[in-house]
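Colleague: Hi! Could you walk me through this one, starting with a single residue and building up from there?

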Amino acid sequence: MLKKAWASLLAVIFILTIAPMNTSANEAFLDALEEDLKATHYDYKEGTAEIIKEETLRHSNGNEVIAAVVELDTIRDGIFITRKTEYHYFDATDNKILTSADLVEVEGASEFADANIDMLGQQIVYWLPVLVLLLMIAIPALILFLVVPRFYSTSSYMNAVYEKNDNPR
């Protein structure tokens, strides 16, 4: 029993010491990615970038490059949400996002792109525009069927006139 507790404690300590090394690179990557996405996507929703898959590559000058498939959200006009999946490359040594012109000198960048081409794309989230359109139809319909009949009605006012003059309806 004591051996199991000791082994569990050592495993927790080992996991806690390794995890921060990996997340610090990811945090730097996500911080640089946030700044780059704000500059390149005018409709980018802040804080929605998420790394789906990543791989470590080498630059020709020896720098470590992180190639990643990133999922992000863009919002236009406040209701049209698009979920996009894109490639992004981060130079972990210089802490900067690489442009497509810099990828020529990265070994394995084209292989990474070819291997993950099926993950790219964009998907439009339709529930919010549909909800707005339904409200645009439902609110006037409710006003028409519930509120308007309770107001002054000319048909009930004119009934006495029609009956007196013997006018057909």
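Modeller: Happy to! Lys-38 is partly exposed, at a relative accessible area of 38%. Here buried means under 20% relative accessible area, exposed over 50%, and partly exposed in between, using a 1.4 Å probe and protein chains only. Bear in mind that this is a predicted model, where local features need pLDDT of at least 70 and side-chain atom pairs count only at pLDDT 80 or more, while totals for chains, interfaces and linings use all residues. Residues are numbered from 1 along each chain as its sequence is written, and side-chain values use heavy atoms, leaving out hydrogens and water.

Colleague: Got it. Which side chain meets Lys-38 in a salt bridge?

Modeller: That is Glu-46, with 3.7 Å from N to O. A salt bridge here is a side-chain nitrogen of Lys or Arg within 4 Å of a carboxyl oxygen of Asp or Glu. Glu-46 is exposed, with a relative accessible area of 55%. Glu-35 joins Lys-38 and Glu-46 in a network of salt bridges.

Colleague: How many salt bridges does that rule give?

Modeller: The count is 4. One of them pairs Arg-76 with Asp-43, at 2.7 Å from N to O. Arg-76 lies in strand β2 (residues 64-76) and Asp-43 in the loop between α1 (2-40) and β1 (50-59), so this pair ties together parts 33 residues apart in sequence.

Colleague: Is Asp-43 buried or exposed?

Modeller: Asp-43 is buried, at 7% relative accessible area, whereas Arg-76 is partly exposed at 43%.

Colleague: And what does Asp-73 pair with?

Modeller: Asp-73 forms a salt bridge with Arg-83, and their closest N and O atoms are 3.0 Å apart. Since Asp-73 sits in strand β2 and Arg-83 in strand β3 (residues 80-91), the pair ties together parts 10 residues apart in sequence. Asp-73 is buried at 12%, and Arg-83 is partly exposed at 32%.

Colleague: Zooming out, how many helices and strands are there?

Modeller: The protein chain has 4 helices and 6 strands, in the order α-β-β-β-β-β-α-β-α-α. These are DSSP runs numbered from the N terminus: helices are H or I with at least four residues, strands are E with at least two.

Colleague: What does UniProt list for residues 124-148?

Modeller: An unreviewed UniProt entry lists them as "transmembrane region"; such annotations may be inferred rather than shown by experiment. In the model, that stretch is 84% helix and 8% strand, with its end C-alpha atoms 38 Å apart.

Colleague: Last one: what share of the 169 residues counts as buried?

Modeller: For the protein chain, 26%.
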